[in-house]
Amino acid sequence: MIGIIDIGGGMRGIYTSGLFDYLMDKGISFRYYLGVSSGSANLIAYAAGQRGRTYNFYTKDAFDKSFMGIGSYLRSGMIMNLDKIFENPLKTENGTIDFLDFMTADFSFTAVSTHMKTLEPRYFTKADFTPKDFSALKAAAAMPVACRNPVKFRGDFYFDGGLSDPIPYQKAFDDGCDKVIICITKPEHERKTILPWYIVKPLLIKYPRVADSVLDLHTKYNEGIDGALRLQEEGKVLVVAPEECFGINTITRELDGLNKLYQLGYKDGRKIEEFLIANEQYV
C-alpha cells in the first residue's frame, strides 16, 4: 500500500491543492491519507473528492478578514480562524458530502495532533468525527503562537501535530504502508530556522513546556526532512515539493503568487502519477 502525507504550511498549502486537483482529474485516490496541521484540511477535501474546494479557500475565503489576520487573532485568539475553517470541512457550495459515504469509504484518514500536557502525538482517525463535529481537525491544526490557546477535544487539550510529529512517515509505515508520498510546501532544500524566543515565550507564557517545544520545532522538522530524503534515495519515499514559492509564506495573501504556486502544484501532480506507475500501483 502506498500512502500519502500532507504536512501543511498555511497559505503555501495551495501548492498541495494543485497536486490533489491534478490527481482527482486523473481519477487517482489512495487507501491511506495522513495530514499534519493545515495539511489535514487539504487531504480531507481530496479524500472526499472535493475538487477545487481548497483552491477556493486559499484564493477567496482566506481573503475574508474574518478568516485570517490580526482581526481574527484579536477576536478568536487565532491568526487563522480554525472555528470557521473546520466548522464542516466536507461542506461545499453545492451542499455537503454524505458523511456516511465518507466514513464507510475504503480508505484510512488520520490527522496528527499534539497532547498539550504530554507533548506526545495523538493520531485522530475517522472514528473521531461526527456529522457535526470535526473539532479533531481543529485540534490538529492549532499551531502555538498562531493560536493563543490549545483546542479542547473530548476533555483533553491539543496543539498542532507539527510539534510532535512534523514529518510522520514512520507512522505511515507502522500503519502498513510499503511506500509513502510526502507532500511539503517549501523547496526541499530549505530548512526551518528557530523562532525568536522573545516572541514565543511571552505569547505562550501559560504553556512553558509548549513554548520550549516550539523553540525546538525546527530541529524535528529538519531531521524529518533529512530522513525522508534518505528514504527517497532508497525508493521508499517520494518527496514532492515546489521549486519555489513565489513569495508565499504561511500567512501571505497575494493572489498572483498563490495562483502560480497552485499551477506549479498541478504540474507537479504528474510526479505522483509517475511514482505510482513505476511502482505498479495506480490506486
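**Close-up 1. Ser37 in the loop between β2 and α2 of the predicted model.** Ser37 counts as buried, because its relative accessibility of 14% falls under the 20% cut-off. The residue sits in the loop that joins β2 (32–36) to α2 (39–47). Although Ser37 is not a glycine, its phi is positive, at about 55°.

**Close-up 2. Phe246 in the loop between β10 and α12.** In the loop that runs between β10 (237–240) and α12, Phe246 has a phi near 55°, which is a positive value in a residue other than glycine. With a relative accessible area of 28%, Phe246 is partly exposed.

**Close-up 3. Asp21 within helix α1.** Helix α1 comprises residues 14–25, and Asp21 is found in this helix. Asp21 counts as buried, since its relative accessibility is 1% and the limit for that class is under 20%. The side chain of Asp21 reaches the backbone nitrogen of Gly52 at a distance of 3.1 Å. When residues up to four places away in sequence are not counted, Asp21 touches Arg51, Gly52, Tyr55, Tyr262 and Tyr266.

**Close-up 4. The packing of helix α1 against helix α12.** Two packed helices are described by the angle between their axes and by the distance between the axes. For α1 and helix α12 (residues 255–278), the angle is about 45° and the axes are 6 Å apart. The two helices α1 and α12 are therefore oblique to each other, and their crossing is right-handed. On the α1 side, the residues that meet α12 are Ile14, Tyr15, Ser17, Gly18, Leu19, Asp21, Tyr22, Leu23 and Asp25. The α12 residues that meet α1 include Leu258, Leu261, Tyr262, Leu264, Gly265 and Tyr266, and also Asp268, Gly269, Arg270, Ile272 and Glu273. Sorted by class, the contact of α1 with α12 has 11 nonpolar, 4 polar and 5 charged residues.

**Close-up 5. The packing of helix α1 against helix α2.** The axes of α1 and α2 come within 10 Å and cross at roughly 10°. That angle makes α1 roughly parallel to α2, because angles under 35 degrees are placed in this class. The contact is made by Thr16, Ser17, Phe20, Leu23 and Met24 of α1, together with Asn42, Leu43 and Tyr46 of α2. The residues of this contact of α1 with α2 divide into 5 nonpolar and 3 polar, with no charged residue.

**Close-up 6. Ser29 in the loop between α1 and β2.** Ser29 has its place in the loop that connects α1 and β2, and at 36% relative accessibility this residue counts as partly exposed. The C-alpha atoms of Ser29 and Gly49 are separated by 8.7 Å, while the two residues lie 20 residues apart along the chain.

**Close-up 7. His218 in helix α11.** His218 has its place in helix α11, which comprises residues 217–233. The side chain of His218 reaches the backbone oxygen of Leu215 at 3.2 Å. Leaving aside its neighbours within four places in sequence, His218 is in contact with Lys192, Thr193 and Ile194.

Key:
Residues numbered from 1 in each chain as written. Predicted model: local features only at pLDDT ≥ 70, side-chain atom pairs only at ≥ 80, totals over all residues. Heavy atoms only, no water. Helix = DSSP H or I, 4+ residues; strand = E, 2+ residues; numbered from the N terminus. Buried < 20%, exposed > 50% of the residue type's maximum accessible area, 1.4 Å probe, protein only. Polar contact = N/O pair within 3.5 Å; in protein donor to acceptor, adjacent residues only side chain to side chain. Contact = heavy atoms within 4.5 Å. Axes fitted to C-alpha atoms, helices over the stretch in contact; angles between N-to-C directions. Parallel < 35°, antiparallel > 145°, perpendicular 65-115°, else oblique. Left-handed = near helix turned anticlockwise from the far one by under 90°. Nonpolar A, V, L, I, M, F, W, Y, C, P; charged D, E, K, R; others polar.
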